[in-house]
Amino acid sequence: MQRKRTLAQKTSESVPPSSKKPNKGCEEGSNPRSDGGFWARVVSAGKWFFLLVIIPPVLNYSSLQREALLLQPEGGTLIDIGLGQKIYLVCKGQGRPVVMLDASTGMSSDVWYQIQDDLSKITQVCSYDRVGLGFSKLLMENETTGMEKVWRKSTTGRMVDDLHRLIKEAKIQKPFILVGSELGALNGRFYSHIHDTEVSDLILIDPIPEGIFTEGLWQEYWYKDLVPSLQAMQFSAAIGLNRIFIILGWMKLPIRGENISEDLIQRQKYLLSNPAHQSSSVDEHFFLNESVSQVREISQYKPLSGRTSVCAITGDYFDELLPAHLNQAIAKFQKQLLAETYPHAKHIHIPGADRKMIYRKPSEVTKHLVKIVKQRKPTQESQ
């Protein structure tokens, strides 16, 4: 018996593996090891999906909730302007005339940080976040009133209506000096034409002229290059990637310099990571052509009162990063704007500056604003 078993074993060992009959399970393709490897890969991919797609937005959202309370500018307050809309207003200093600052396209009031601090030494200076930007609140409702029946939220007509209600609710002393940069300059023009008795001086910093959107190359840049890039940034903020890019140093803050406070740095990080702020920035850029049309119409319908003086401040370029032909185009239309609409306006040129001058060269802007404030002070303080 032992010899027979030995022969059987030898016979079995001599048979080639390929000639062995596979078991039924292998015939049906149900190898447990093969299935285990497949599902292991699925689980591993799911973990990466969870880490990359779920965790960043969740962490970003929770961080935004905390930062919204901690990073509000010092001395600011939320003013209810009706319909659930609340605007964040920051006023510094005392005295008259009051200087009202309206920020660049898609930017919060932080762009005025240095100018506001410097001017507040001689008078009261107020800046605000337009609805949807910065720390202002945008209520997504269909309620409308007054001019809101006609204009979208992100166009000059609506912004001016909001600003007028803000000035009324905050009891801003009138007449005041209205200073606007880019879109803020469009708002300032519209406001001054409508509410001419409230504005003593209108200061236009790098104003966006009406004629620029008749320029084909400019339209191509604005709507095929700039707006899509802002939409991509909005999407990146929504999925939490902007916060990661900032941490890794891949995304630069717009306001930089040696005198920047830590609070301002943290607010910039918060706003770059905030999809609501980025969404409003996209809307302001997207509807800029419509804002321009509104200002053109109001300028023709109601010319500016002779009681309001106008001053335009520009640099060597609209944006030093743009190609020369685009900078030349906007410079041409700015000159046309001043010649046709404000022929008596004073024009100030700041060498080496572009549209970022209000936070890149604030002292250069401030010294001209100080002169205007001091010219108005004796008259208004005697009243």
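Is Asp-319 buried or exposed? At 5% relative accessibility, Asp-319 counts as buried. Buried means under 20% relative accessible area, exposed over 50%, and partly exposed in between, using a 1.4 Å probe and protein chains only. This is a predicted model, in which local features need pLDDT of at least 70 and side-chain atom pairs count only at pLDDT 80 or more, while totals for chains, interfaces and linings use all residues. Residues are numbered from 1 along each chain as its sequence is written, and side-chain values use heavy atoms, with hydrogens and water left out.

Start with the partner of Asp-319. The side chain of Lys-356 meets that of Asp-319 in a salt bridge, 3.2 Å from N to O. A salt bridge here is a side-chain nitrogen of Lys or Arg within 4 Å of a carboxyl oxygen of Asp or Glu. Lys-356 lies in the loop between strand E8 (346–349) and helix H13 (357–360), and Asp-319 in the loop between E7 and helix H12 (324–341), so the pair ties together parts that are 37 residues apart in sequence. Helices (H or I, at least four residues) and strands (E, at least two) are DSSP runs, numbered from the N terminus. Lys-356 is buried, at 13% relative accessible area. Salt bridges with shared partners join Glu-182, Asp-319, Asp-354, Arg-355 and Lys-356 into one network. By the rule above, the count of salt bridges comes to 17.

Now turn to Glu-198. Its side chain forms a salt bridge with Lys-174, at 3.7 Å from N to O. This pair links distant parts of the chain, 24 residues apart. Glu-198 sits in the loop between helix H6 (183–194) and strand E6 (199–205). Lys-174 sits in the loop between helix H5 (156–170) and strand E5 (176–181). Glu-198 is buried, with a relative accessible area of 9%, whereas Lys-174 is partly exposed at 40%.

The loop between H6 and E6 also holds Asp-196. The side chains of Asp-196 and Lys-302 meet in a salt bridge, 3.6 Å from N to O. Lys-302 is in the loop between helix H11 (288–301) and strand E7 (309–314), and the two residues are 106 residues apart. Asp-196 counts as buried at 16%. Lys-302 is partly exposed at 26%.

Finally, look at the surface. Ile-244, Leu-248 and Trp-250 form a nonpolar patch there, with about 340 Å² of accessible area together. Patches are made of residues with over 30% relative accessible area and no salt bridge; like charges are joined within 9 Å, nonpolar side chains (Val, Leu, Ile, Met, Phe, Trp, Tyr) within 5 Å. Accessible areas come from the Shrake-Rupley method with a 1.4 Å probe, and for residues only the protein chains shown count as cover. Ile-244 belongs to helix H8 (residues 241–248) and is partly exposed at 34%.
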